[in-house]
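User: I would like to go through this model term by term and see what each label rests on. Please set the values against the definitions as we go.

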Amino acid sequence: MPLSKLRVAAVCLSNQNRTMEVHNILSKRGFTVCSFGTGTQVRLLGPAPDKPDVYDFKTTYDQMYNDLLRKDRQLYTQNGILHMLGRNKRMKPGPERFQNCNDLFDLILTCEEQVYDQVVEYLNSREQETCQPVHVINVTIQDDLEEATLGAFLIYKLCQCIQHMDDTENQLKKLLQEFEEKSGRASLHTVCFY
(Lines give C-alpha, C1' and ligand atoms only; values in the text may rest on other atoms or scores of the structure.)
Protein backbone atom coordinates (compact mmCIF):
# COMPACT_ATOMS: atom_id res chain seq x y z
CA MET A 1 0.00 0.00 0.00
CA PRO A 2 1.47 3.38 -0.94
CA LEU A 3 1.95 5.76 2.01
CA SER A 4 -0.50 8.34 0.70
CA LYS A 5 -3.28 5.78 0.48
CA LEU A 6 -2.93 4.06 3.87
CA ARG A 7 -5.56 5.57 6.18
CA VAL A 8 -4.84 4.66 9.81
CA ALA A 9 -6.90 4.93 12.98
CA ALA A 10 -5.39 4.48 16.45
CA VAL A 11 -7.86 3.52 19.17
CA CYS A 12 -7.60 3.19 22.97
CA LEU A 13 -10.13 3.86 25.74
CA SER A 14 -9.83 7.62 26.34
CA ASN A 15 -7.93 9.04 23.32
CA GLN A 16 -5.36 10.60 25.63
CA ASN A 17 -2.04 8.86 26.04
CA ARG A 18 -1.37 5.83 23.82
CA THR A 19 -3.40 6.78 20.76
CA MET A 20 -2.29 10.38 20.86
CA GLU A 21 1.35 9.29 20.95
CA VAL A 22 0.71 6.96 17.99
CA HIS A 23 -1.12 9.84 16.25
CA ASN A 24 1.83 12.14 16.94
CA ILE A 25 4.53 9.73 15.72
CA LEU A 26 2.65 8.61 12.59
CA SER A 27 1.53 12.09 11.53
CA LYS A 28 5.08 13.44 11.86
CA ARG A 29 6.18 10.68 9.49
CA GLY A 30 3.62 11.44 6.80
CA PHE A 31 0.84 8.97 7.57
CA THR A 32 -2.82 9.90 7.30
CA VAL A 33 -3.91 9.12 10.85
CA CYS A 34 -6.80 9.79 13.21
CA SER A 35 -7.09 8.80 16.86
CA PHE A 36 -10.04 7.79 18.99
CA GLY A 37 -11.26 6.30 22.25
CA THR A 38 -14.00 3.73 22.79
CA GLY A 39 -14.87 4.54 26.40
CA THR A 40 -18.01 6.27 27.58
CA GLN A 41 -15.92 8.87 29.42
CA VAL A 42 -12.36 10.14 29.38
CA ARG A 43 -10.36 9.05 32.41
CA LEU A 44 -7.05 10.60 33.43
CA LEU A 45 -4.67 9.63 36.22
CA GLY A 46 -5.84 11.52 39.28
CA PRO A 47 -4.49 12.08 42.79
CA ALA A 48 -4.87 8.34 43.56
CA PRO A 49 -5.34 5.20 41.41
CA ASP A 50 -8.95 4.90 42.58
CA LYS A 51 -9.64 8.64 42.02
CA PRO A 52 -9.25 9.36 38.31
CA ASP A 53 -10.21 12.68 36.81
CA VAL A 54 -13.22 11.97 34.60
CA TYR A 55 -14.43 14.09 31.69
CA ASP A 56 -17.01 13.85 28.96
CA PHE A 57 -15.69 13.25 25.44
CA LYS A 58 -17.01 16.71 24.52
CA THR A 59 -14.50 18.33 26.88
CA THR A 60 -11.57 19.83 24.96
CA TYR A 61 -7.96 19.09 25.81
CA ASP A 62 -7.54 22.77 26.65
CA GLN A 63 -10.44 22.65 29.13
CA MET A 64 -8.98 19.52 30.78
CA TYR A 65 -5.54 21.16 30.93
CA ASN A 66 -6.87 24.31 32.58
CA ASP A 67 -9.04 22.33 35.02
CA LEU A 68 -6.10 20.21 36.18
CA LEU A 69 -3.85 23.27 36.35
CA ARG A 70 -6.36 24.82 38.78
CA LYS A 71 -6.77 21.59 40.79
CA ASP A 72 -3.09 20.84 41.45
CA ARG A 73 -0.41 22.17 39.10
CA GLN A 74 2.41 20.38 40.92
CA LEU A 75 0.76 16.94 40.92
CA TYR A 76 -0.28 17.03 37.26
CA THR A 77 3.08 18.42 36.17
CA GLN A 78 4.94 15.77 38.14
CA ASN A 79 2.86 12.85 36.82
CA GLY A 80 3.14 14.09 33.21
CA ILE A 81 -0.57 14.68 32.59
CA LEU A 82 -0.17 18.41 31.82
CA HIS A 83 2.66 17.66 29.38
CA MET A 84 0.52 15.00 27.70
CA LEU A 85 -2.49 17.33 27.42
CA GLY A 86 -0.21 20.07 26.04
CA ARG A 87 0.85 17.70 23.24
CA ASN A 88 -2.73 16.63 22.65
CA LYS A 89 -4.15 20.14 22.33
CA ARG A 90 -1.47 21.02 19.75
CA MET A 91 -2.69 18.11 17.60
CA LYS A 92 -6.49 18.41 17.77
CA PRO A 93 -9.17 20.13 19.86
CA GLY A 94 -10.30 17.19 21.97
CA PRO A 95 -10.79 13.45 22.32
CA GLU A 96 -13.04 11.67 19.84
CA ARG A 97 -15.11 8.51 20.23
CA PHE A 98 -14.54 5.84 17.60
CA GLN A 99 -18.22 4.94 17.65
CA ASN A 100 -19.09 8.49 16.46
CA CYS A 101 -16.78 8.39 13.43
CA ASN A 102 -18.03 7.58 9.94
CA ASP A 103 -14.64 7.76 8.21
CA LEU A 104 -13.26 4.72 6.42
CA PHE A 105 -9.81 3.38 7.28
CA ASP A 106 -7.51 0.77 5.79
CA LEU A 107 -5.96 -0.07 9.15
CA ILE A 108 -7.26 0.29 12.69
CA LEU A 109 -4.70 -0.20 15.46
CA THR A 110 -5.88 -0.79 19.02
CA CYS A 111 -3.78 -0.62 22.18
CA GLU A 112 -5.46 -3.24 24.36
CA GLU A 113 -7.57 -6.34 23.89
CA GLN A 114 -10.72 -4.83 25.43
CA VAL A 115 -10.60 -1.98 22.92
CA TYR A 116 -9.92 -4.40 20.06
CA ASP A 117 -13.04 -6.35 21.05
CA GLN A 118 -15.11 -3.13 21.20
CA VAL A 119 -13.89 -1.97 17.78
CA VAL A 120 -14.55 -5.34 16.14
CA GLU A 121 -17.98 -5.60 17.77
CA TYR A 122 -18.88 -2.08 16.62
CA LEU A 123 -17.71 -2.66 13.05
CA ASN A 124 -19.54 -5.98 12.83
CA SER A 125 -22.76 -4.46 14.19
CA ARG A 126 -22.90 -1.80 11.46
CA GLU A 127 -24.68 -2.47 8.22
CA GLN A 128 -22.11 -3.16 5.51
CA GLU A 129 -22.33 -0.51 2.81
CA THR A 130 -19.16 -0.60 0.71
CA CYS A 131 -17.73 -4.03 1.62
CA GLN A 132 -14.32 -2.32 1.81
CA PRO A 133 -12.04 -4.35 4.09
CA VAL A 134 -10.36 -2.84 7.13
CA HIS A 135 -7.62 -4.63 9.01
CA VAL A 136 -7.99 -4.37 12.78
CA ILE A 137 -4.79 -5.11 14.69
CA ASN A 138 -4.20 -5.02 18.42
CA VAL A 139 -0.77 -4.33 19.86
CA THR A 140 -1.07 -4.16 23.63
CA ILE A 141 0.54 -1.05 25.09
CA GLN A 142 0.58 -0.42 28.83
CA ASP A 143 -1.10 2.90 29.64
CA ASP A 144 1.84 4.93 30.91
CA LEU A 145 3.88 7.66 29.23
CA GLU A 146 7.05 5.63 28.65
CA GLU A 147 5.25 2.58 27.24
CA ALA A 148 3.08 4.82 25.05
CA THR A 149 6.20 6.21 23.37
CA LEU A 150 7.79 2.79 22.93
CA GLY A 151 4.51 1.32 21.65
CA ALA A 152 4.04 4.19 19.21
CA PHE A 153 7.43 3.51 17.63
CA LEU A 154 6.64 -0.20 17.36
CA ILE A 155 3.34 0.66 15.66
CA TYR A 156 5.16 3.06 13.33
CA LYS A 157 7.53 0.26 12.26
CA LEU A 158 4.56 -2.03 11.71
CA CYS A 159 2.78 0.61 9.60
CA GLN A 160 5.94 1.16 7.56
CA CYS A 161 6.02 -2.52 6.68
CA ILE A 162 2.31 -2.63 5.86
CA GLN A 163 2.51 0.38 3.56
CA HIS A 164 5.18 -1.34 1.47
CA MET A 165 3.24 -4.57 1.00
CA ASP A 166 2.12 -5.48 -2.48
CA ASP A 167 -0.47 -7.98 -1.25
CA THR A 168 -1.65 -7.04 2.24
CA GLU A 169 -4.27 -9.76 2.36
CA ASN A 170 -1.70 -12.54 1.91
CA GLN A 171 1.42 -11.00 3.49
CA LEU A 172 0.02 -9.57 6.72
CA LYS A 173 -0.10 -12.83 8.69
CA LYS A 174 3.62 -13.44 8.15
CA LEU A 175 4.45 -9.83 8.97
CA LEU A 176 2.55 -10.04 12.27
CA GLN A 177 4.37 -13.27 13.17
CA GLU A 178 7.71 -11.55 12.53
CA PHE A 179 6.54 -8.48 14.48
CA GLU A 180 5.65 -10.65 17.48
CA GLU A 181 9.02 -12.39 17.40
CA LYS A 182 11.03 -9.15 17.15
CA SER A 183 8.98 -7.06 19.61
CA GLY A 184 8.06 -9.78 22.09
CA ARG A 185 4.47 -8.55 21.98
CA ALA A 186 1.48 -10.62 20.96
CA SER A 187 -0.92 -9.19 18.42
CA LEU A 188 -4.49 -9.84 17.39
CA HIS A 189 -5.76 -9.42 13.84
CA THR A 190 -9.03 -9.64 12.01
CA VAL A 191 -10.61 -8.19 8.91
CA CYS A 192 -13.91 -6.34 9.09
CA PHE A 193 -15.90 -4.67 6.31
CA TYR A 194 -17.52 -1.27 5.87
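User: What makes H2 a kinked helix, and where is the kink centred?

Analyst: In this predicted model, H2 has a kink of about 120°, centred on aspartate 72. The bend at a residue is the angle between axes fitted to the seven residues ending there and the seven starting there, and the helices themselves (H or I, at least four residues) and the strands (E, at least two) are DSSP runs, numbered from the N terminus. Local features need pLDDT of at least 70 and side-chain atom pairs count only at pLDDT 80 or more, while totals for chains, interfaces and linings use all residues. Residues are numbered from 1 along each chain as its sequence is written, and side-chain values use heavy atoms, with hydrogens and water left out.

User: What span does H2 have between its end C-alpha atoms, and what would a straight helix give?

Analyst: H2, residues 61–78, spans only 18 Å between its end C-alpha atoms, whereas a straight helix of 18 residues would span 26 Å. The expected span is 1.5 Å times one less than the number of residues. Glycine 80 follows H2 and has a positive phi, near 85°.

User: Why are H2 and H3 called roughly antiparallel?

Analyst: Their axes come within 9 Å and cross at roughly 160°, the axes being lines fitted to C-alpha atoms, for helices over the stretch in contact, with angles running from 0 to 180 degrees between N-to-C directions. Angles under 35 degrees count as roughly parallel, over 145 as roughly antiparallel, 65 to 115 as roughly perpendicular and the rest as oblique, and H2 and H3 are therefore roughly antiparallel to each other. The H2 and H3 crossing is left-handed, a term used if the near helix is turned anticlockwise from the far one by less than a right angle, with right-handed used if clockwise. Contact (heavy atoms within 4.5 Å) is made by residues including Tyr61, Met64 and Leu68 of H2 and Ile81, Leu82 and Leu85 of H3.

User: What makes H1 oblique to H5?

Analyst: The axes of H1 and H5 (residues 145–163) come within 8 Å and cross at roughly 50°, which makes H1 oblique to H5. The crossing of H1 and H5 is right-handed. Among the residues that make the contact are Arg18, Val22 and Ile25 of H1, and Ala148, Phe153 and Tyr156 of H5.

User: How do you know that H1 is mostly covered?

Analyst: Nine of the 11 residues of H1 are buried, where buried means under 20% relative accessible area, exposed over 50% and partly exposed in between (1.4 Å probe, protein chains only). The elements that cover the buried residues of H1 include strand S1 (7–12), strand S2 (32–37), H2, H3 and H5.

User: Why does valine 11 count as buried?

Analyst: Valine 11, which lies in strand S1, counts as buried because its relative accessibility is 0%. Beyond residues up to four places away in sequence, valine 11 touches several others, including Thr19, Phe36, Phe98 and Val119.

User: Does histidine 135 count as buried or exposed, and why?

Analyst: Histidine 135, found in strand S6 (residues 133–139), has 3% relative accessibility and therefore counts as buried. Leaving aside neighbours within four places in sequence, the contacts of histidine 135 include Asp106, Ile108, Glu169 and His189. Lysine 71 is 64 residues from histidine 135 along the chain, and their C-alpha atoms are separated by 41 Å.
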